[in-house]
Each structure stands twice: as C-alpha cells, then as structure tokens.
Amino acid sequence: MLLDAKQRPWIVATSLLAVAATVVYFVDAPRHLTGPSGSTAVGLTLGIIAYGIMLFCAALGLKRRVPHWRLGRAQTWLRAHVWLGLLIVVLVALHAAFALGGPFTAALWVMLILVTVSGLVGIFIQQSIPRVLLHSLRPLPSMNPESPAQQVKEMIADCSAQAEKTVIQYAGSLDKPAPVMPAVVAAPAAPAAPVAAAAPVAPNPPTPAAAVAPAAAPVAAAAAPATSTAVATAVPPKPAAPAPVVPAKPAAPAAPKIGPPMGGEPVRQFYLETGRAFWAGEGHSPLENPTLAVSIFAALKAQVPLHTHQGVDDLEELAARRRQLLIQRRWMKALHGWLIFHVPLSWGFIVAVAVHAVFALRYWGAK
Amino acid sequence: MAEPTPPPPTPPAGSGPVPPAAPGTPAANSAAAATLPVAGAGAPAGGAVAAATVKPPAAPPKQKIITVITDFVEGDEGETETLDDPAEISELKKTDIFADIAESTLLMLPGTVARRKFRTGEVICREGEGGTTAFYIAEGEVDISIKSSVASAKQTKGGFLAAIGGFLGQRRLSGWQARVASALVPIDASVDLSYGKLAATLKPGEMFGEMSCLSRAPRSATVTARTNCVLLEILRPMYEKLLASKTFKAKTDEKYRDRALANHLRNVAIFDGLPEAAIERLRTTCEFVTVEPGQVIIKEKDLADAMFIIRLGQVRVSKALPGGELTLAYMTKGDCFGELGLLHNTTRSTTCTAYDHPKSVTGTARVGYKAKPSRVELVKIKQTEFAWLVNEYPAVKARLETLAKSRTDATESAVRTGGFYSQVPRNVEDLGLLQGQGLLLIDLEKCTRCDQCVQACVESHDDGVTRLVREGPRHDKYLVPSRCRMCLDPVCMIGCPVGSIRRTKDLNMLIEDWCIGCGICAKQCPYNSIQMHDRSDFAGLEIRDAKAKERGAEDREEKAVVCDQCSSLPQGPACVYACPHDAAFRVDARQFFQLSVSAR
C-alpha cells in the first residue's frame, strides 16, 4: 500500500478519533479520586473499542481468504486496517492511563508495540520493495523481467534441469569425458597412415580423452556442424599423388554418423566443478556475481570449438536467469517476510488481551 | 458430422461424375476438391439420408455439372442421378445465384454442385461436425438451431465457508440472463439466432454453411428440414466463383440491406430520431464498400463526395503535417466520417485508412501463426442523399454541425499541441494497448505480488479456472497482464466455427458453453489473452442435459477461456475488487493514455 494522497481522509479520520478519545479521557480523568484507569467507565469503553478494532484488524487475514465475498473493497479493508490499527495504540494508552501496570499488562504493552512496529515496517517495505523490483530487474532474452512469485521455485528447478540438458547435449554425458575435438595439421600425413593424420592440437587442453581423438577423426567432420572453423573440422587426408597403391582409400560417401559431441569436455568440467552447485543452489558460487560470470563464460568459450559456443551462450543465459530469479526470490521473501512476525504476534496479542479482559472483568465485578 | 452426400469420390464402375482432367487445370483442381467432401454413395446424407444407390451412367464419362440425388423414399435408399446434357446448365442458370456464372466456368467445375432433397424433419447437418460445403435453399424451408450441450460448471467446494460464501458471495446481476437472452448468436447462415431462442427458419433463396465451405470449419448449427425441401450443396471451388459473381455479392448485400441495415442506421448518433421514411430512403439508396486493412478510404484534400458509416472494423483518422502524419483518432463500428467535407462542400480535411492490430503484435504473438486481418466494411451515403437529408431534416443538420465543429476543434487542438497519438510513447501503439477498451493495468510500484487478483479471479468463476495471468508486456510502471483487453477490433471473433465467442453489449468477450475447443480464437488473439484449458482443469464440469448428448453433443478435450470482465457481478472485475493495494485497475486505454499525456 502506497502512502499517497488517497490516504488523507483516513489520516484525518484517525486523527480526529484519537483527539476525541483523548478529550473524553482528560475530561473524565479529574472526576476520579484515584485517577483515571482501565476500570473506569471511560477506560473500560476505550478498552472495549480498542479490542473491537483489534478483532477487525485481525479479520483482514480471513477476508483475504475469500477475496470475492461482498465484504467491501480490499483497499478499504487494508486502509482501515492500517489507520485504525494505529488508533489502537492511542486507545490502549488512554485505557491504561499511560501506565505499564503489572507484569502481564507490561507484556501486553511490549506485544502491542511489536505488532505495531512490525506493521509499520511492513508498510515501509511495501513502499520500497515493489519499486526496487520494478527498476532493478531487467528483461532477459528468454524471460520477462519478473515472474509470478508462485512460480519462481519451479522456474529455478527448470533452470537447473535445462542447464544439465544443455551440458549433456554438448558434452555427451556427465559421467564420462567428452571426446576432444581433433584438429588439422599443416602438412598431410603419410598415405600409409591416413587416419593418424589428424593430430590433436589446441585449443583443447590435454585431457585423457585426447588419446582417443585420432581414432575419432573421420567422424568429426560429420559430427561437427557446418559452422565449424578449420580448427574444428577434420579434413579427410588426401592420398599422396604418386603413390601407386592407395592403401586406405577414403570410404565412399557414407551416411554421416552421429557420434558423441566433440570438444564439449570443458563444458562438462565447468558444469561439474562450478555450474551444478550454482544451479542447484548449493553454497556460494562465483556465478552469482554477474561480472565474474561474464569472465567465466568468456574463458569457457575460448576453450571450446565454435559449434559449442551456442551451448556456452545458453548456459550463460540460464545462469543469468537463475541469478534474476534468485534476486526476485530474495526480494519476495523480504516483501512478505515481515508477515511471519506480524501475523502470529497479532493473534498472540489478541489472545493475551482476551485473557487480560477476562481476569480484569472478574476483578472489576468482584470490586 | 457425416458429410451430406454430394457425388461419390470413387464411384463404381465408370459412373464417376468427375472426369479425369489434366493436372493443374481448374478441372483437375476442382476434381480433387470435389473428392474431399464427398462421402460416397454409402455414406448417410447429413446424418439422415441413408446410403444412396448409384446408378452407373450408360455413356462414357462426361463432365457433369450437377449431380441430382433423387427423392428419398421410405424404404428406399435414394438414388444418385447425374445429368450430362445441356439441360443441366440451364437448370443451374435458372437459380439466381448462378445466373451470371459463365457456362465455360460451370463446365470447368464438374461435380461441385449437388441437388439434394430432404424430407420434413431430416437433419441436413449437425452442429460441431466437420463440413466443407455450403447449402443453397432452392425449395422449402429449413430450421437452423444450436443445441447447447455443456452446462456451466458447478462449484464443487462445500463446507462451512461455502455456506457463508453462498450468503456473502457476489451475486450475479439479475438482468444478466435477460441481457443474454436478447443478444444474438452469429452463426454460419444469413440470420443471427437469438440467445433466448436458439433457432430460426431459413427460406428459399437463402444460404447456410458458407464458413464451413470456405475454411473447413465445423458446422456452427444443426439444420433440419422444416418442410420437404430441395437444396443445392456447393463445394468450395464453385462457391469461390459465386463470391466473385456480382449477382451473388449483390444478393448478399441485399440481404444485409433488408435484414440489418435499418437497425444499424438507427444506431448512428446523427440519425437519432429520424423518421422511418428517412431511414427507409437511406436504406435503399446507400452503397456497401469493403476495404482491406491499410487501404486509404478517403484522402486529405480530395473532393468530398460521400460520407461513410463503419459497419465493421476500424478506421484510423490522420492528418499530414510537416514532419510526418499525425493520427487524430481511431473510429469503430457505428462511427461515421466524411461528413465534414460534404457539409461545407469542401475537400477532405483528413485521411481515413482501414486499420488493423499492429503488425508487430499480430506477427509474433503466436509462433508460425499470423492472425487474420479483419476487413473494414462501410456503408456509403452519397452526396445527393446527404444533401437531401440535411435539407429535409434540420435536426440532422444541427447535429452534424455540432459534430463537425467538435471535430474541427479537436483537430486544431491536436495539430497545435502535437496531437495525442503523436505524444503517446511508441511502445503503447506497438503493444497494441490502444486497442484496449477495458485494459487491465497493474501498477508495479504499488503491487506487492500478493496474488489476490488471481485468487479472486479463480474464486469468482464457477469453473475454477483463472482468466488472469499475471505476466505480460510492460509499459512504464504498468504490467499489462494476459487478460482480455476488450479490443476495439476483437479479431478473436473471426473464424469461430460455432459462434461461441461473442461480444456482449457491455463490450465484454464471452465464450459460450458450446465452445468446441478448436482454439481458433486463442490463435487469433494477438495478445495471448485467450487460454485453452484441458477440460479436466474445470471443476465439476459435466453434461447437465443428458438429452443433449443423445442429440449428438460431444465432450470436447479443451475449452477456450476468456476474461468476461466479471460483468455479471455488481462490483465489476473481481481482480480489481480484491486488490488491497489499489494496484490493479481497468481503463479505457485511449482515455487513460490521453490523461497520462496531459499530465505530462
């Protein structure tokens, strides 16, 4: 609820009621030899009114459970809740004749102050956090700047699942290393060993998987997308021209084999070492920092062949999504978190006041 | 539905009414098309005419223009008879709608018309069933009706709260049902059905089933022979020829002139209170004009020669200024324009263009789907008639002068201040927000994301399905949730095969219970405001009337859901009513953004 000009009538009405109650109190006070107290007719009336308002304020929570019932506009209810809630403090102070009383009534005072303060904090939070959410969250290519709060949990889980799927798409499997991309050497190899011509070279760092790379070379051309650069393309070796016999004639154009994705090992390692924990929300991760994340993904891109760049971009986008969702979730917790204190405390206060009323009235009757 | 039975696709031994034709020729195309709806001799005709026995012709295949299915006789299965002499052409030519179709055209489209005879009470086609043909009533009368099959969902929740809710819950307005009963259901025929009485009678010379014929949409109503009748069943190739025919167009326009134009004229503000004689004269002398989106209707500085009343669609009014074109207004059904030039006998002061939803929205709202643009249909009142009207009826002249003055003032003001629409952020037009007459906006500076709006939406509908999705584009600090905007031009209504989606008098969109779940409206909506829900999502949905099922009503897998603005509730939209933070509110976009601009 924004504290805007629409609140003015409520502020005026609440102030007038507070002034009226105070005037009645001070007019009535000199009439009592022992001074004003909650046991006087005026004091008791003020207490009863205050308790009625407390019950009305508590009813807001019940009203929210049936938003479509004809009980008045929700805005009116909330405004009444806030401003009449503040009036309670004045009425209780007049009812108690500005005294703390015994330990029980002192405890009631503490509860009332806590309830009021938590409510005021709530108002402050509702003033500020929606604006923060509005201005701090930016739209991502594949996501609105903000998602419905009720879906955030599922969306975070979806991010994690999509990240894993992306890694598997580009690295083959999470459990075993991905084949490393072979590269072309400058000169053709001897005709007798055409398969060995393609030697593993940078950009991939040496990994155990490199050992199997030469054998996989002919497959690479078929497996690599058309967009691959020369580095990523394993060119079938040409047989030497003068050779009378072609020992290993390149096979006739066969259907391209779909082998395991090549060159995705850095992606797999990145995921296992850094990404998985981040997407699963386990512990702190450098990916939580957007600046660090940019450099991490840039470095990862430099380690993988061109056809895997799209995968890295996808992971970067998924990381950004998760960060955004986390930020949103944090703000949402702050936006509604104060209710965790305010609501139970309010109900506790109402129960305690009821106990106070029962005992006080019994004593009043006995008197 | 079992398709009414035109000639068989693969007729027995040499009986085929469709001779072979060279691929790509019109005959070949029509032959291919002809085979589609033809259910075969053994198929029931319209669900009632039983398998027809085909009499093989003695002669080698010739081009047959018309296939005649003989009278249905009790105990007999009927008979298909083909005519292959020139008499069949003259037979067709006798029918007024075929009068100006060239003989050569008829010869190129063999087998695309079937003459069908139905006994009293026979079902010709059934609501919801597939269909690809149109029917022309040559003799007799037919009844056309909608058999509502699915009841509103029941609230299944019970208990103490439900009991209190029954007392405190929002009550439906008492006039709601009455309003519905007086409204009209548009169906695939030349008449509209009344909601109070979902039936009408069609007479000789009238057609039905055109929409099925053109777009293969399911039948929108059930048609039954009221008397013994003779119908011409027409396939699409022939129907397209008819559409291009001046006679046919004239006939269609005349039907509109006879049945609806007088009412439309009476609803135009400047003609308010005109005597019947004047309305009648206008009705008989005006012309009908159809323009495609983007087409200029009148151009600034051209000589004024007519005024127009919008019958369907929207028109953008603009003025050329140094530096670009300034949009002054958008006009819609019932508005008139072009009267200024006629009144003062001068040139046009503005340009009026047929308008559609922004391309940026219609092109991307649904992947791979572009919403059908809607045409603009106009009633044109010629200068002579206008002059007569102004001279004869001073009240009309006075109203026109007032209107002209207000428009001149508005134009001058717009030009002086730079115009409203030129100041509205680009994003407002690109998002199609100006279409919204009941645009729901959520002020994100006030909204605490408590979800009360969605909860209220769910709770206030008996089926338990939300119409409000709190996601959508943003403009400034406002979220425009995916919820019906009550567009000026509700393109969602284009193509509903069963006339289930309609607009109420309050401009709300309403999807009636007989939605067949085809999803066309959801695809047509450029703003994703119509959702398709699996029927299992609906709480307590059930067939109320078992007899409806017996009549052929079927359970569908999905149902379209659109926001009805809670117009049956006295407090208005439940989402707005339930918002505790004053964040959700409904506006007429044109007024709202105008105020925003003024405030700036």
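**Interface and cores**

Between the two chains, 25 residues of chain A are in contact with 27 residues of chain B. This is a predicted model, in which local features need pLDDT of at least 70, side-chain atom pairs count only at pLDDT 80 or more, and totals for chains, interfaces and linings use all residues. Residues are numbered from 1 along each chain as its sequence is written, and chains are lettered from A and ligands numbered from 1 in the order in which they are written.

Q: Which elements give two or more residues to the side of chain A that touches chain B?
A: They are α3 (74–95), α4 (103–136) and α9 (309–366) of chain A. Helices are DSSP runs of H or I with at least four residues, and strands are E runs of at least two, numbered from the N terminus.

Q: What makes B:C575 a residue in contact with others?
A: Two residues are in contact if their C-beta atoms, placed from the backbone, lie within 7 Å. Leaving aside residues up to four places away in sequence, B:C575 touches B:L440, B:C453, B:A456, B:C457, B:L468 and B:A584.

Q: Why is a set of residues called a nonpolar core?
A: The name applies because its members are buried Ala, Val, Leu, Ile, Met, Phe, Trp, Tyr and Cys residues joined through C-beta atoms within 7 Å; buried means that 20 or more other C-beta atoms lie within 10 Å of a residue's own, these atoms being placed from the backbone. The largest such core has 53 residues, of which B:C453 and B:C575 touch the most other members. With five residues, α19(B) gives the most to this core.

Q: How many residues of chain A count as buried?
A: The share is 30% of its 367 residues.

Key:
A residue is buried if 20 or more other C-beta atoms lie within 10 Å of its own, exposed if 12 or fewer, and partly exposed in between; C-beta atoms are placed from the backbone.
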